[in-house]
Each structure stands twice: as C-alpha cells, then as structure tokens.
Amino acid sequence: MSVRVRIAPSPTGFLHVGNARAALFNWLYARHTGGTFILRIDDTDVARSDPEYEDDVLAGLVWMGLDWDEGVGVGGPHGTYRQSDRLDRYAEVAGQLLAAGSAYHCFCTPAELDERRKEAQAQGRPPGYDGRCRILDPAESARRKGQGEAAVLRLGVPRPGVTIFEDVIRDEVRFDHQAIDDFVLVRSDGSPTYHLASTVDDVDYEITHVARGEDLLSSTPKHILITLAMGGTVPTYAHLPLLFGPDGKKLSKRHGDVSLKAYREGGYLPEAMFNYMCLLGWSYEAETTVFTRAEAIERFDLAAVSKNAAVFDPEKLEWMNGVYIRDLDPVDFIDRAIPFVEEDLGRELSGAEREQLGALGPLVQERVKLLTEVPDMMSFVLTTSLSYDEKSWRKVMETETTPAALDAAIDRLTVVGEWTAVVIETELRAMLDELELNARQGLQPVRVATTGSTVSPPLFETLEVLGRDMTLDRLRSARAKL
RNA sequence: GGCCCCGUCGUCCAGCGGCCUAGGACGCCGGCCUUUCAAGCCGGUAACGCGGGUUCGAAUCCCGUCGGGGCUACCA
C-alpha cells in the first residue's frame, strides 16, 4: 500500500518551527517512499482560527519547498481538506458511534465536572471524568437529549483494557485504559473535538502514517480507540521528538523566533532552513551535516529519527545559512539580497545601482551569514552623503600618518589611467612604499574615507565599483575633515 | 499526584556487545593566511547522569535510581 502522510496545522497562529519540522519529516518520508503528502487544515476551533494564519502556514510550506500532493489549495479526492467543511461527516460518525453503543451522551455540566475534578485531585484520585453517565439508559438519554438538554458525546472506553501500538520511533508503547477517561467526542454545541475530527479525517483520507509531535503520544490511544470504533484501519504512528529553546524549555515565544515567518524575513535561505531542520532529530550520515534536498530524500527514514528532544540552536542555523549563501550563484545571491536592500532603503533600486551591487555582490556574499546583513555592507555605494562610523574614524583617521596617506592616494588615483582593481592596487601599494607605511597604516584611512568604516569588502575592488569620481570625492572630503 | 516518553561533549547528531584510548558539526580557545572584516586551513577544549546486574567483554542488554520532558480540558 502506498504511503499517505499528512500535516494538519490549525490556523491559530503563525506556522511554528516545530510544525514546520513535522511537515518536513512527513514530506521527506512521502518523497522517499514515493507516497503522498497531504495538507489538511484543522480549523475546528472556529474562535481561534484566522485566515491570515492559514495563509502564513501555506506560505511557510511553499517557502521551505514542501509541496503537497493533496489538500488545501490543490484539491484531491477528499473535498476541501478543511475540517470546517466536514462538520456533517463528524456528526455522521458521532451518530454511528452512538448507535453502536461505542459512545454515549453525558449530561454533566462543566461546573459539576470542575468540582468533581478538584475533589478527586484533593483525594488523590485520577482527575478524569468518572463515567457516571455511561450507565444511563440509552433510551432515557435520547429522550433527554431530544428535549434539548445540553449534552456532550463521550467515547465509552473499554475497561478493563489496554491499547498497545508499535511506534516507528519509540517501539512498543502501551496504555492501560484505566488511565484514559471517557473523553469528549462532540461538544454540547455539536462541534467535534480535535480527537474526533482528526481521527475521522485520518481514516477517511486513508492516512497510513501519522508522524507528529511527541506531545500527542498520550492522545494516541484515544485516536486508536476511535478508529477501531468506527471500523477504520489504524495507521502507523511515529512520534517525533519535541523541539526546545536554548534554555531547555519547550520552544516558545520567549525564545524569540518561533515562527517560520521570522526566519523568512530575517534573511535566512530556505535551503539552509531545510538542511538545518533535518538535523533536528535526524542525521544524514555520521560525518555529514550539509547535504542537498535530493540527498535527504534518498536517505530519510522515520525509523531513523532520534527519540530525544532537540534544542533549536540559532547559532548553528546561522552558520549553515552562511554556508548556503556562499554556495549561491553570484547572480542568485544578488537577486535574493536586493529585496532586503530595497526594504532597508525604503525605495527601489535603479538599474545603475543594481549593476553596482551586482559587481560588489561576490565580495559581500562571502562575508554575510544573513541576507539582512547585506544592506549594511553595501549601503555605502548607494548613498551620496557618506556617514562615518565614529569608532572607525577615531581609530584610523586621527592618526599622524593619515593626512599624508590620503594626500598621496588622491594624487596617485587622480592621474591613474585605467580604473580597475589591479591598477588601483598597484598605485596604492606604490604609495605605501613611498611613504614607508604598512598596509594597515596606509590603506585603512582610504577604506574609512571611502566606505565610512574599518570593515568593508576588499578595498581595491570596492574602489573600482565605487568609480573614480566618487572615490576621489570621498577621499577629498575626508581629507578636508582632518 | 497518576500515566507515558527521554537521558553520549554547552548544543545537534554518530554509535545499535569487542573496530571506542567514544566520531562528525556548531560554539568556544589558539595558530596560519591576510589591505579591514569574513571565509578558508591547522590544532585544541569538551560527553556515555548515577548504582547494581548479565557477559570473557557494555556507551551499547536488564533492573533500580536520579534528572528532564509530555499528557492529564466541552484546546489543538
């Protein structure tokens, strides 16, 4: 049977990196096995769902390159793949479970439940639902329900009993039904709970493997029980290790960026994100940390996923992003960087400016880890009024040898014939010889004068890109400020 | 509290009874290269939570213990 996996985010927030990682692993498994990757939207929580979040989820998956074969937006044999469109189906299953005696109505009010829970906890008893409505006569229940009395539908968990399943990642896991209370399937307002809706969908969509976060491991027996009660085939489960923040606590907003969106906008490359996330709970090969999509697909296996939770390490991600940036084709690099430059500038770049940046691109490319660092490194070529970094100015311009170095540089560069990096270098090195200055003493003033900072791309190439007029202009105005 | 999961360098991962004097990557430290900054190269730092077993032999298997985490809703 062909593999069918799914990811079912609920649109109640921006796509979380944990969900993105789950999506990635499902996608990898589907691609590795030649199976089908499905995107479903679990929006049964109407109050908290928002179309904006759904858009973000889709955008995040597209950005990561995780294309889905069936589901929201692309369709498929199962309708819209949106739970809010399947309420009738959940009601239908609920009716069947009720008729079959697998489920029953419960008339206990939230207030009563709450009180009993507190009582049970105080006495050290299990806080779950005590099952008192289970013994109600079905006919009597139906009558009360028919008269409009508020009721939820609960699953009658078989007791005594035990649910055992073989988790792909964790091997055999067993839960005694003693510890599982008769949980709610349908709320008193008629809406299905997550457990019901998600399980019905998994059965209807013929999902073969459910790979999701370990936080759902304890809920798995409930899902299996529902599946069995509706006569469905139980899928294979794989519970992925959770992601934690640098402090070892569950990855949350307090750790800064937990939404994929933040990385998208933060100058990260999707290729790097993809590669890095693969490493969170899986490894391509003992000695290899950088690999391509195709390679990951070829080797990925759910069974090889680690059991332990992983700490999301922003520093390693950043390093990896640098690796991928340096690996980019120069034209590709500048194409990706330009939006960040324009965003920073607040305007669009002219053709001439683009050309300048294109020339500077390769020099900057190997010096940044994030695309968001590009504007800072290139802004000096785009401005007409250069501002100097204060520290840089103090450090190199207020030096005894600086005036002479600038004067000599101006003289030589004014008369130089050809304006290329090679010629510029020859001239400036001759200047160093002449004044008996070392490179640091003689070149840093030129760097600060022309770029505004002690840190810049390689000087000679930079001056070539800047052009003779602007270079001389800047050297002169810096000299005048001394 | 109960149930469940997990426990190798600071972090991610390799290891699945002898190849381990525990390997790779990030980070950190030092050096080289060098026009600055990066990159690159070389070297270094650093871990099998603890205690019992099983075995000729254990990071690898078993038990206990400690520690971390998840779940315990008419949220997903």
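Trainee: How do the residues of the lining of the largest cavity divide by class?
Mentor: That lining has 3 nonpolar, 4 polar and 2 charged residues. Here Ala, Val, Leu, Ile, Met, Phe, Trp, Tyr, Cys and Pro count as nonpolar, Asp, Glu, Lys and Arg as charged, and the others, Gly among them, as polar. On a 1 Å grid over the protein atoms alone, a cavity is a set of points where a 1.4 Å probe fits but cannot get out, a pocket is an open set with protein on both sides within 12 Å along at least five of seven lines, and lining residues have an atom within 4 Å of a point.

Trainee: Before we continue, what kind of model is this?
Mentor: It is a predicted model, in which local features need pLDDT of at least 70 and side-chain atom pairs count only at pLDDT 80 or more, while totals for chains, interfaces and linings use all residues; side-chain values use heavy atoms, without hydrogens and water. Residues are numbered from 1 along each chain as its sequence is written, with chains lettered from A and ligands numbered from 1 in the order in which they are written.

Trainee: Which residues line the largest cavity, and what is its volume?
Mentor: The lining consists of Ser198, Thr199, Asp202, Val203, Arg212, His223, Thr227, Pro235 and Tyr237. Helices H6 (194–204) and H7 (220–229) are the elements that give two or more residues to it, and H6 has the largest share, with 4 residues. The volume is about 50 Å³, taken as the space filled by probe spheres set on the points, with grid points joined across faces, edges and corners. Helices (H or I, at least four residues) and strands (E, at least two) are DSSP runs, numbered from the N terminus.

Trainee: And how much space lies in the second largest pocket?
Mentor: About 480 Å³ lies there. Its lining has 20 residues, with Pro126, Pro127, Gly128, Tyr129 and Asp130 nearest the centre. Helix H4 (residues 110–122) gives the most, 5 residues. By class, this lining holds 7 nonpolar, 3 polar and 10 charged residues.

Trainee: Turning to helices, at what angle do H13 and H19 pack?
Mentor: H13 (residues 351–365) and H19 (residues 459–466) pack at about 175 degrees, with their axes 9 Å apart. Axes are lines fitted to C-alpha atoms, for helices over the stretch in contact, and angles run from 0 to 180 degrees between N-to-C directions. H13 is therefore roughly antiparallel to H19, a label for angles over 145 degrees, whereas under 35 counts as roughly parallel, 65 to 115 as roughly perpendicular and the rest as oblique.

Trainee: Which residues meet there?
Mentor: Gln356, Ala359, Leu360 and Leu363 in H13 meet Glu461, Thr462, Val465 and Leu466 in H19, where contact means heavy atoms within 4.5 Å. The residues of this contact comprise 5 nonpolar, 2 polar and 1 charged.

Trainee: What is the strand order in the open sheet?
Mentor: The order of its 3 strands is S4-S5-S8, with antiparallel pairing; two strands pair if DSSP finds at least two bridges between them. S4 (103–106) and S8 (184–186) are the edge strands, and the twist averages 45 degrees from one strand to the next. S4 and S5 (residues 152–155) pair over 4 bridges, with Ala103 opposite Leu155.

Trainee: How many bridges link S6 and S7?
Mentor: S6 (residues 162–167) and S7 (residues 171–176) pair in the antiparallel sense over 6 bridges, and a hairpin joins them through 3 residues. Phe165 stands opposite Val173 in S7. Asp171, also found in S7, has a positive phi near 65 degrees, although the residue is not glycine.

Trainee: Where is the cis peptide bond?
Mentor: The bond from Arg159 to Pro160 is cis, with omega near 0 degrees. Pro160 is found in the loop between S5 and S6.
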